[in-house]
Structures are given as structure tokens and as C-alpha cells.
Amino acid sequence: MVILRIFAVFNYNQVQYCSMRIEDIITGALSRFFAEKSLPQPEQSLIQLQKTRKEFEGDITLVVFPFIRLMKSSPAETGEKIGSYLKKLPEIHDFNVIKGFLNLVVESSYWNLFVNESSADSNYGFSPHSPKETFLVEFSSPNTNKPLHLGHIRNNLLGHSISKILEANGKIVKKVNLVNDRGIHICKTMLAWQKWGNNTTPSDAGMKGDHFVGELYVKFEKAYRKEVDELVKNGMDPDVARREASLIKEAQEMLRKWEAGDPGVNDLWKRMNGWVYEGFDVTYRRLGVSFDKIYYESQTYHMGKAIVEEGLKKSVLRKKDDGSVWIDLTHKGLDEKLLLRSDGTSVYITQDLGTAVMRQNDYHADKMYYVVGNEQDYHFRVLSLILGEMGYEWAGSLEHISYGMVELPSGKMKSREGKVVDADNLIDEMIETAGKLSSELGKLDGLTREEKESIINTIGMGALKYFILKVDPRKNMIFNPEESIDFNGNTGPFIQYTHARIRSLLKKAELSGIVPERKNQIDFRLSDKETGLAAILHEFPQAVSEAGANCSPAIIANLIYELAREYNQFYHDHPVLKEENIRRRDFRLFLSVLTGDVIRRGMDLLGIAVPERM
RNA sequence: GGUUCCGUAGCUCAGUUGGAUAGAGCAACAGCCUUCUAAGCUGUGGGUCCCAGGUUCGAAUCCUGGCGGAAUCACCA
């Protein structure tokens, strides 16, 4: 930290700020080119700049195909003409044309200036805050009848990371959680505890509260299934059996009592939820996620019911003869949707209506994001449609960030069958593996136990988090418990290691009394690895904004990985402290400073910490 | 059955306003530590981008139709 600051403030005065980015310089020149030729200005979308592929010489490539019509010349000719015009720019060193591609070699001085400026900018790549826009991000949203599993880990990490990314894009972000603390599933666990719990508590059992309650849930489901099977064996229709089994009847009766405010049921409910929250808090802390506000379904479903009443008055909703309330969405290509059961109890979507209104009243947010699995795509379509039908003008600001399921090689995880990858177990395993690897490699010898534990924790969690977040959120992903999560290659620890290397290098520089200077005049040309590294760093701001626009941490993860890989190659090929040309050495130091900084801040957007050494 | 999403190397994944000879990692094999951290670097092998048409200078990407998989369409959440 200290070193970074020294490097950052050094020669602050000499640094010119707000230099134009090369893309803008080229676009501007292109515009002048067409004006000088008295040709019509090409539309912005025709100007396609991309990174030059590795096998060709150059840094930035202009695709010239779109211009051949405007200029009425062949691709090669067009490329030559534009290329020689652009070469007059001080930022363009050279060019070559291959097929319809104009490859531009950017002047080393441009990259040097870029590295000088960016490495002195502690906010490089992020947008300044615009207090106008407030975004709400709902994530986690656990049920209180079972502990968190790998699917919840994905949800929590995505929600946390997306919140950070939106903040980096200048939004004000409020993270909210909606706890599904009421409903038939909780009644099942309460019933199980009454029947088989023997009045024990999690501490009696020596378990985390959420695990303790989760076992009761599984116990209920097993007993319930057994009862249904027996009824079926005695000749009952399976559907009828599922409805008529005494266990489910009892659970439903309990739900009715709960909604009626029965004190005994309520006390037990509070007690058991309390156990679960204690357990969740531990897991949240380990994952490093937190919330600005926690909503409880038990508090929002009243509002939901009130909205249903209002909808009935407005005749947007319709009550059937049996007392159940529905909305007809057939004109939108969907079905009829139930909003209240015939016994007057509310369903899942009822409380979501209430929650949405309550939140809008609380925050008046410009957007309300819901990080919820893609199995609920239909639910959220219906939710915003209903709010729209009911006349809430902000209904359009709801957005479902729909992410894919985490599946096992055998298929979907099923809590009811106990076929899940438990979050706490997985975290334990990751940290254990990190510890084993660290001691095998002897990396942490000579550190105190606290330091070791902290670093091992950082690495284990880094491996887990990166493993989840590098995948496009929208896609389903497969986790194979038989194969442990890697610590080499495209992984969190690889990136963390790169950071540790850089920090170690900079520390060494400081200890050797090296104080680099930012010089905007240089007397050398950059190597391929140096420009390659600078070019990836140059892409960081765009990655941040794209990640924000697409709510995709994977975009950040992929860029940071590419950056780390490139740095390791650079590090392997080039001496830094031993470089004899002082200006070159200083450039490499600032390149390292910037790389370390972008890795640290990029990983922070993923909610992953990076160690000073490992 | 209707709707939505997905299909890229043995495995896990990038490749998203249509751009060059489709890329990484893992796994396998072969190298590189007296030198700023080898959790690293270098190399080899590995592809019908599910199939078939269409759109155009150009398609893994867009359109249509198939095939395969997943989710959803509950008085479950």
C-alpha cells in the first residue's frame, strides 16, 4: 500500500491528464480524412476498431470493408489511403494492410504516456459518481428451511460483484436481501422439530443453526414421501395421496395458524428462524457479502395482500367463486395467474408484489435488479406485467438478472433429496486445499499463524469465487465434486499470485532505494510484450462499463486473467529492476504498478481479495 | 404440447453491435529455477463451432427449419 502511494504521487506535476484515447484520436482523424476528400461522413457504426490479432504486426486494426463503397476503391487501396493519412498522426508509428484490415502500429510514446497517467490515477477505469441514479440490487434471497448450497454461492457472489461493478460505473447501489421466512416450507421444518426434535437446539447438536434446521426439512420430506408411498400402496391415487397425507395436512394447518397469528406457532417460528439466521450470518461473512437492507417476506406479504385488494377494486384482478384471486394475462400471451389461494393465504408472487412496492417507497430507485435463477424467468415476466397492469409506472424498471443453474454431473441439485454441494463444506475444503498447497510449496514459511491463516483464506476463497464468476452468468455451469477446483491456470490463485509477484517486485524496488520518475519523453521502443500489456490495461475502462451494462462479472474476470497471463510472460522475458536503461526500467516499474493496481481493483469488483505475498 | 434458454477441443469455459488461419485452462507428453516468487514460463498433439438451408464482400455470431439438452407453464417457493 505504502509503496503504491509513493509511486503514484511521484512527479505528479509532470503528468498531463485527460489525454485522448487512441480510439478517439483515430476516429477524429478519420472524420477529417473524409471531410478533406469531400466524401460523406461514415456513420459511427462503420468505424470498427479492434485489437490486432497476435499473428500480425500492429496494435489496433481498422476494418476497411465498410469504407470501400464510400471510397469506390478496393480494400487494399482503401486501406493504403487511410493508412498513410493516419500515419501522419504523432500517435501512429506505422501501418500495414492485409486483405481488408488496416493494422496500425501505435507509437511507443503513446503507451508510455498512457501508463504514466493511468498508474497515477487511483480511480483508473471507474466512472465518477453520478448521484442521480440509484440502483437496487436484490440477491441471496434464501429460504429459511435449509443451509446455503453452491447455487446460493453463485447467487451471492454474482449479486455482490454486480453491485460493485455498478458502483464502479458511477451508480449509487443499494444491496437488498429478501428472506423467505414464511410459507409452507418453514412449517414443514417446524412440524418436524415438534415431532422428532426432542426439544433440542443446534448447540445441543453441535451444529450450525441452518444445518440443524435443514436436517429437519429433509427428515420431513422423507417421512412425507414414505407416508404417500404407503397410501399409494393401499390403492390411493398418487395425486390424492400427496394432498391427503396427514403430514402435509398438518403443515398446511400450521401455515393457517401462522397467518392467523397463533402465538405458539409464532414463537416456534421465531426461534427456528433465529437459528437459521445465526448460521447464515457465518456463511455470509465467509463469503464477504453484506446488505444495506434485509426485507422479510413475513413483513412484505401483508403489503402484497393489500395490493391484491386494490387490484380487485380496480377490476384488474378477479375473484373466483371459491374465493381465489387471479389475474388474466392471456392477452399478453401468458396464462391466468393465481395471486391468493382460496383459503386466503398468499403465494410466492403475492409477497413479491408487496416487496416491490415497499422498496419503491423506500428508495425510489431508477432500477430494481433481481439476481434470481433462470428457473424463475416466467415468474419475473409475470411480476412486472402485473405491476404494469396495476398501473405502477415504475413497473418497467424491474429487471431480472437471470443466471444459470449450477449443476452436478448427474444433473440438478436437489435439496429435498439432500443431493447438494453444501456451501460451508465447500468453503472449508477450498481453504484446506489452499493450506495444503501453501505448505507444500513452502510459500508462507516464516509468517505468523495469523498471517498464514489470512493468506490461506484469501487464496481458498479466491479460487472458489473466481471459479464461479469467470463463467458467463446467464449460462448453466457444471461443478464436479470429484474434481477439485484448480489452483493453477485460469484461476483466482493464478491472478493473486501475479499480484503478489508484482508487490514483491515493487517492495524490492523500494528497499533498493529505486525511485522511478514519470518521463513523457522516451528514447526506446517498447517490446511486443510491453505494448501487449499496455494494450490490455488500456481496455480496462471499457471492460468495466461493459460488465456494468451486461451485469456480467465474467467480463472483468476474463480481462484480469488475460492481464495476469500477459504480465507473467512480460515478467519472464524482461528484467525490471536489473534493466540498465533507467527510463526503460522506470517505465516497466510503472507498468507493473498499473498492472498490480488493475488486478487488485478488478478482483475487488469480483469480491476477491489479493494478497501481498503468497 | 406451448414458451424461453442453451449446444464451441476428452473435460471446464472464452469468443455478444457479423470480420483475418476459432482461443484459453485442465488433463497428456517434452523442456525451463545459481538470476526481480516455478501457484510461473515455453513447446507438442487435440475442432464437422449439433445438422441443413438462407442473408453477404465476409457467419461460431443474424434468419428459417430440424436434432439434442435444460428450465418453465402449480391453490410449491
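The largest cavity is lined by Asn-112, Asn-116, Glu-517, Arg-518, Lys-519, Ile-522, Arg-583, Asp-586, Phe-587 and Phe-590. Two elements give two or more residues to that lining, namely helix H5 (108-119) and helix H22 (582-605). H22 gives the most, with 4 residues. Sorted by class, the lining has 3 nonpolar, 2 polar and 5 charged residues; here Ala, Val, Leu, Ile, Met, Phe, Trp, Tyr, Cys and Pro count as nonpolar, Asp, Glu, Lys and Arg as charged, and the others, Gly among them, as polar. The space inside comes to about 50 Å³, and the count of cavities of 30 Å³ or more is 1.

A word on what you're looking at: this is a predicted model, in which local features need pLDDT of at least 70 and side-chain atom pairs count only at pLDDT 80 or more, while totals for chains, interfaces and linings use all residues. Residues are numbered from 1 along each chain as its sequence is written, chains are lettered from A and ligands numbered from 1 in the order in which they are written, and side-chain values use heavy atoms, with hydrogens and water left out.

How is empty space found? Rolling a probe the size of a water molecule over the atoms shows where empty space is left. On a 1 Å grid over the protein atoms alone, a cavity is a set of points where a 1.4 Å probe fits but cannot get out, whereas a pocket is an open set with protein on both sides within 12 Å along at least five of seven lines; lining residues have an atom within 4 Å of a point. Grid points are joined across faces, edges and corners, and a volume is the space filled by probe spheres set on the points.

On to the largest pocket, which holds about 1,400 Å³ of space. Its lining has 47 residues, and the closest to the centre are Asn-143, Lys-146, Glu-375, Gln-376 and Arg-416. The elements that give two or more residues to this lining are helix H6 (150-168), helix H7 (184-196), helix H9 (209-233), helix H14 (348-363) and strand E11 (367-373). H9 supplies the largest share, 6 residues. By class, the pocket lining has 16 nonpolar, 15 polar and 16 charged residues.

Now zoom out. Chain A has 22 helices and 15 strands, where helices (H or I, at least four residues) and strands (E, at least two) are DSSP runs, numbered from the N terminus. Its C-alpha trace spans about 90 × 65 × 45 Å along the principal axes. Of the 614 residues in chain A, 53% are buried; buried means under 20% relative accessible area, exposed over 50%, and partly exposed in between (1.4 Å probe, protein chains only).

Helix H13 (residues 297-313) is worth a stop. From first C-alpha to last, its 17 residues reach 24 Å, close to the 24 Å expected at 1.5 Å a residue (the expected span is 1.5 Å times one less than the number of residues). Which residues of H13 are buried? They are Glu-297, Ser-298, Thr-300, Tyr-301, Gly-304, Ile-307, Val-308 and Gly-311. Seen down the axis of H13, these buried residues fall within an arc of 150°, so they line one face of the helix; the arc is that of the directions from the helix axis to the C-beta atoms. The face turned away from the buried side carries the exposed residues Gln-299 and Lys-313. Just after H13, Ser-315 takes a positive phi of about 60°.

Strand E9 (residues 325-328) is joined to E10 by 4 bridges, and Ile-327 stands opposite Lys-337 in E10. Two strands pair if DSSP finds at least two bridges between them.

Strand E3 (residues 92-98) and strand E4 (residues 101-106) also pair in the antiparallel sense, over 6 bridges. Asn-96 has Asn-103 in E4 as its bridge partner. The hairpin of E3 and E4 has 2 residues between the strands, and Lys-99 there takes a positive phi near 50°.

Finally, look at the loop between H7 and helix H8 (202-205), where Asn-198 lies. Phi of Asn-198 is positive, near 50°, and Asn-198 counts as exposed because its relative accessibility is 67%. Asn-199 lies in the loop between H7 and H8 too, with a positive phi near 60°. At 59% relative accessibility, Asn-199 counts as exposed.
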